[in-house]
Amino acid sequence: MAEHSFKYIIVGGGVSAGYAAKEFVNQGVKPGELAIISKEAVAPYERPALSKAYLFPESPARLPGFHTCVGSGGERLLPEWYNEKGVQLHLSTEIVKADLAAKSLTSAKGETFTYQTLVIATGSTVIRLTDFGVEGADAKNIFYLREVDDADKLYEAIKAKKNGKAVVVGGGYIGLELSAVLRLNNIDVTMVYPEPWCMPRLFTAEIAAFYEGYYANKGVNIIKGTVATGFTSNSDGEVKEVKLKDGRVLEADIVVVGVGGRPQISLFKGQVEEEKGGIKTDSFFKTNVSDVYAVGDVATFPLKLYNEDRRVEHVDHARKSAEQAAKVSNFLTYICFSSYAQNTCIVFPECLLNPKFPTHVSFSCRPSLQQRQEKQLKSMITFHTSIPVHLTCLGNSMATMLVKQCYLETTILHHQSLILGHTGLKTGKLLGPFWKAEVPMTTKLLPKLLESNLR
């Protein structure tokens, strides 16, 4: 069977895959070095569209309109984009075996993919009522929404059951969004969920009451505090009724179930450290296995805002974690200096201490000081590591812009960036999320300060 070898592989073709691919390209990955392997038949797309505009009764959204990365206001990465950038898309390809020790993946067709660096972006799979043996849960017209194929089937059912009745099982994002779009299609909707109010993990009772009232005014019937325990079907095998635990029976032409998801990590069981249902990572989304990163729904990472490890199922996290992993796994550690009254230094500690990563030093200074500044900077970096150092002299405004960009990107994600600044008085503050103290700051002292804080 076919064998493929890449420097970087992203396994999974959802939101994270598209954003990671874009960041890899931005960082300068060469054509042929990066591949995306996805069991879906289409290039990565913005999954949230499936429960919204994709099901609109008029002018529904369709691909290629919502390929990544339009969800964050970025460039739409059409399939042609991947070809132009030399990123190989292996679509309709399901990975059935992963050997992280051998850095090898095997597809259902027997193809072998080897890599130097792996980004796990397999996302979640929906929790199905059939998983719990719910009576009749395998009836036709009981839908789950995860991929574009699921949305296509639901869309056709909505058209076929015009002015029919729908029961939405679940009171989370999917339940609320699909209830709204079903009403737009003139479907009679009843929502059923066991919690005392909708979105209980995010909404207070007062906020939930507002939304429940709004939905009720739009014609959505809400039943709380009970669950679906069974379904009956007609002679065609299509769902006809939904049985509730409290004894009520609801008529239904369509049932949509949105009761949560499970991270798809079974391929990597026993090979990576797990925590809280996901793959445990550090602040850079690196796993305990060398050159393996996990992003999006599958990653359990240190969330400094709450001072604990958490797994986050949200599209914005899928985007940003993928971008961050691509940066860290791929290229440069930036150390940026702006001169005169203030010098600022940003380092990514793990990168700086890992000899596989080159370091790019950008600085600005008076032309008369450039040679001396270069010598000082090289001395400082080589004191700490043998990483190759690349120097670029920038204007003050450019250096400041780069500093601000790095600072925002790292601290928003609560990563272990260390930001050091000093004024003309040779004192300053450590501004990173872990250190808050005024310290003396000179070029000679900086290496020792880095060493003490980064180890």
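Helices (H or I, at least four residues) and strands (E, at least two) are DSSP runs, numbered from the N terminus. The structure described here is a predicted model, for which local features need pLDDT of at least 70 and side-chain atom pairs count only at pLDDT 80 or more, whereas totals for chains, interfaces and linings use all residues. Residues are numbered from 1 along each chain as its sequence is written, and side-chain values use heavy atoms, with hydrogens and water left out.

The protein contains 10 helices and 28 strands. Of its 455 residues, 49% are buried, a term that stands for under 20% relative accessible area, with exposed meaning over 50% and partly exposed the range in between (1.4 Å probe, protein chains only). Where contact is taken as heavy atoms within 4.5 Å, 63% of the contacts between residues at least 6 apart in sequence join residues at least 24 apart. The protein exposes about 21,300 Å², of which carbon and sulfur atoms supply 51%; accessible areas come from the Shrake-Rupley method with a 1.4 Å probe, and for residues only the protein chains shown count as cover.

Phenylalanine 210 lies in helix 5 (residues 205–217) and counts as exposed because its relative accessibility is 54%. Together with Ile207, Tyr211 and Tyr214, Phe210 forms a nonpolar patch on the surface, and the four residues have about 420 Å² of accessible area together. Patches are made of residues with over 30% relative accessible area and no salt bridge, like charges being joined within 9 Å and nonpolar side chains (Val, Leu, Ile, Met, Phe, Trp, Tyr) within 5 Å; a salt bridge is a side-chain nitrogen of Lys or Arg within 4 Å of a carboxyl oxygen of Asp or Glu.

Helix 3 (residues 148–160) has 13 residues and reaches 18 Å from its first C-alpha to its last, close to the 18 Å expected at 1.5 Å a residue, where the expected span is 1.5 Å times one less than the number of residues. Val148, Asp150, Ala151, Leu154, Tyr155, Ala157 and Ile158 are buried in this helix. An α-helix has 3.6 residues a turn, so residues three or four places apart point the same way. The buried residues of helix 3 pack against strand 8 (142–143), helix 4 (173–184) and strand 15 (254–257).

The loop between strand 2 (34–37) and helix 2 (79–85) includes serine 51, which counts as buried because its relative accessibility is 5%. The side chain of serine 51 reaches the backbone oxygen of proline 48 at 3.3 Å. Apart from its neighbours within four places in sequence, serine 51 is in contact with Leu145, Ile174, Glu177, Leu178 and Val181.

Note on methods
A polar contact is a pair of N or O atoms within 3.5 Å; within protein, one must be able to donate a hydrogen and the other to accept it, and residues adjacent in sequence count only if both atoms are side-chain atoms.
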